[in-house]
Amino acid sequence: MIIDKNKINAFINQIISDHIVFAPVKNKDMVLFKQIKKPDEMTLDYNNSRIPPKSIYLPQTETLFRFSKNQNINLETPKKDGRTLLFGIRPCDAKSLKILDQVFTGEYKDSLYLSRRKNSILIGLTCHNPSLNCFCTSVNSSPADTDGLDVLLTDIGDKYYVELITSRGGKIVKNFPGFKPANKEDKKKKEEIVKKAKDSIKRHIKSERLASILDSIFENKYWEEIARKCLGCGICTFLCPTCHCFDMQDETAGDKGARIRVWDSCMYPEYTMQASGYNPRPYQMNRIRNRVFHKFNYLPKNNQVFGCVGCGRCITECPVNIDIIEVVNQAREVKKDE
Amino acid sequence: MNNPYKPWLAIIENITDEVGGERAIKTFILKFKDKNIQETFSFKPGQCIMVSLFGVGECMFAIASSPTEKEYVEVSVMRHGKVTSALHEAKIGDTLGVRGPYGNSFNVDDWIGKNMVFIGGGIGQAPLRSVIHYIMANRKKYDRIDVIYGARSSKDLCFKEELFELEKRNDINVHLSIDKEEHGWGHFVGFVPDNLLEISPSPENTIAVTCGPPIMIKFVIENLLKLGFSPDQIFTTLEMRMKCGIGKCGRCNIDNVYVCKDGPVFSYEQLKSIKGER
């Protein structure tokens with residue numbers, strides 16, 4: 001299918017009528033995913049949002065339940081959100097949600113996250129101009145990866161090439177009259193654009209046998225070297241689309257209160273600090289090593305995926321230029337543990 | 001789909017002062033407010049629950065009672081941080097939250113027909129108490145039972161009365177110890193790992209389960225190996241800071257294992273292959 005660019009606004013207007021629509025919005029010098037009420041609030045001229053859209057499903061702070069502390073304690077689960085639609089999400093970020101889905105399902109299902117995911121449609125936009133630090137092709141993805149998406153749009157000039165990935169994606173496209181069948185020329189153009197995008201990615205992680213290589217250098221001094229310049233600011237984790245760690249805190253006002261979930265970071269000493277004062281990961285070295293292992297050893301072992309989609313945010317935004325690509329590639333050259 | 005973070009309400013039915021002073025320990029008998037939950041709540045020895053004080057926070061504790069005691073669940077808590085301090089201030093009749101049970105358990109079914117040696121120190125006796133109660137309730141299924149337990153001083157012994165009572169029975173052998181000599185103490189004086197060597201249980205058809213301070217566990221395992229126990233005959237429990245209890249919040253991992261859901265019980269055989277800080 002295709003849709004002419006001048007019909008996109010009418011399409012957005014239609015989906016806004018029965019969805020809460022999130023789209024990339026210019027915010028000073030960055031782009032963020034925000035709820036839009038009108039199509040002209042969004043911008044589709046962007047590389048990627050500074051903060052990944054995971055926050056729509058795993059908000060930075062959220063109420064898990066409320067309680068009243070008067071004579072009879074009452075517990076109340078917050079109301080569910082309505083149907084949402086993300087327009088313009090990049091394939092890497094859509095893939096990250098699939099990785100998070102594995103975390104929040106399993107034996108214990110996180111109903112808060114999962115109900116938001118279930119009620120959400122993802123319309124992706126092919127990454128035609130990857131950034132300097134993008135490396136999605138190293139971690140089983142690509143600028144036009146459809147994994148996790150319902151619909152994928154690719155900018156082919158004056159129109160978008162439209163791929164329907166799921167039946168609910170198909171439904172939303174069918175309900176709007178502006179979509180037309182694509183011709184051979186459209187398809188060819190799309191393929192050229194995707195190839196050009198792929199070829200423009202110049203940075204790569206060598207991911208072959210990575211989990212077992214990491215296993216063999218756990219005790220190496222290498223991790224101390226890597227950690228030496230780390231400030232422990234946690235920006236790499238807050239901006240990572242696959243990081244999901246959280247803290248739970250009680251907030252009260254008078255007789256009422258709530259248990260709140262807030263994003264946490266494995267880069268902070270308090271994260272593992274026990275009540276006795278003992279901390280199993282006392283140094284930044286322990287914390288950085290845990291982060292790298294979580295992404296390239298533990299998740300591959302437990303869930304058969306990398307905990308990384310190659311978006312490059314942690315590289316671009318690190319205040320001291322710690323570069324995950326270098327960290328991983330140089331780890332391969334390190335002497336194995338005795 | 002239920003909200004997995006929302007606990008059930010429970011009432012504190014009774015509180016026992018186990019140990020006083022700076023490292024005070026109290027045992028709480030908890031009963032679910034909803035009769036149905038109390039009747040259907042089932043767990044295995046070694047499993048844990050998240051206990052909530054609304055407005056303060058939540059903590060994971062090993063269940064100290066046995067699944068055969070169906071009217072309540074018990075936790076023994078040392079006062080240490082924010083939640084445990086608030087819990088120590090709680091009174092009989094207070095309402096709190098409980099969710100769980102979480103984690104794996106001691107494989108009591110695999111151990112049928114075997115000799116059991118329990119080696120505990122301080123508050124580490126809590127999860128052992130659950131399995132000891134369970135085994136005593138199913139006494140015929142198991143062979144010889146030894147309980148080796150010690151604390152810093154006689155005042156620091158947890159479940160004191162109960163252990164003295166067990167000591168009088170002839171179907172279980174209780175070996176108590178304190179670290180330093182005290183007037184009138186008629187039992188072993190010295191550290192728990194030394195008492196273990198003194199008793200020297202035979203590894204033949206025997207399972208050893210140890211819980212206590214990390215340093216104690218380290219030397220207990222060393223001594224068990226010296227006595228001829230193989231790594232798959234030795235079981236212990238691990239602890240990490242926890243928030244969610246269900247493998248989502250991230251912090252309790254050691255290697256690729258989440259202690260909250262994959263633990264807390266591990267054989268020494270398993271521990272040997274788990275790398276990482278603990």
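Which residues does B:F118 touch, not counting residues up to four places away in sequence?

## Basis of the model

This is a predicted model, in which local features need pLDDT of at least 70, side-chain atom pairs count only at pLDDT 80 or more, and totals for chains, interfaces and linings use all residues. Residues are numbered from 1 along each chain as its sequence is written, with chains lettered from A and ligands numbered from 1 in the order in which they are written.

## Nonpolar cores

B:F118 touches B:L128, B:I132, B:D146, B:V147, B:I148 and B:V209, leaving aside residues up to four places away in sequence, where contact requires C-beta atoms, placed from the backbone, within 7 Å. B:F118 is also, with B:I49, B:F61 and B:V75, among the residues with the most contacts inside the largest nonpolar core, which has 121 residues. A second, separate core of 42 residues includes A:M42, A:L85, A:Y113 and A:Y160.

Such a core is a set of buried Ala, Val, Leu, Ile, Met, Phe, Trp, Tyr and Cys residues joined through C-beta atoms within 7 Å; a residue is buried if 20 or more other C-beta atoms lie within 10 Å of its own, exposed if 12 or fewer, and partly exposed in between.

## Domains of chain B

Chain B is divided into domain 1 (8-102) and domain 2 (115-272), with bounds from an automatic or database domain assignment. Their centres, taken over C-alpha atoms, are separated by 21 Å, and the contact takes 21 residues from domain 1 of chain B and 21 residues from domain 2 of chain B.

## Contact between the chains

Between the two chains, 42 residues of chain A are in contact with 32 residues of chain B.
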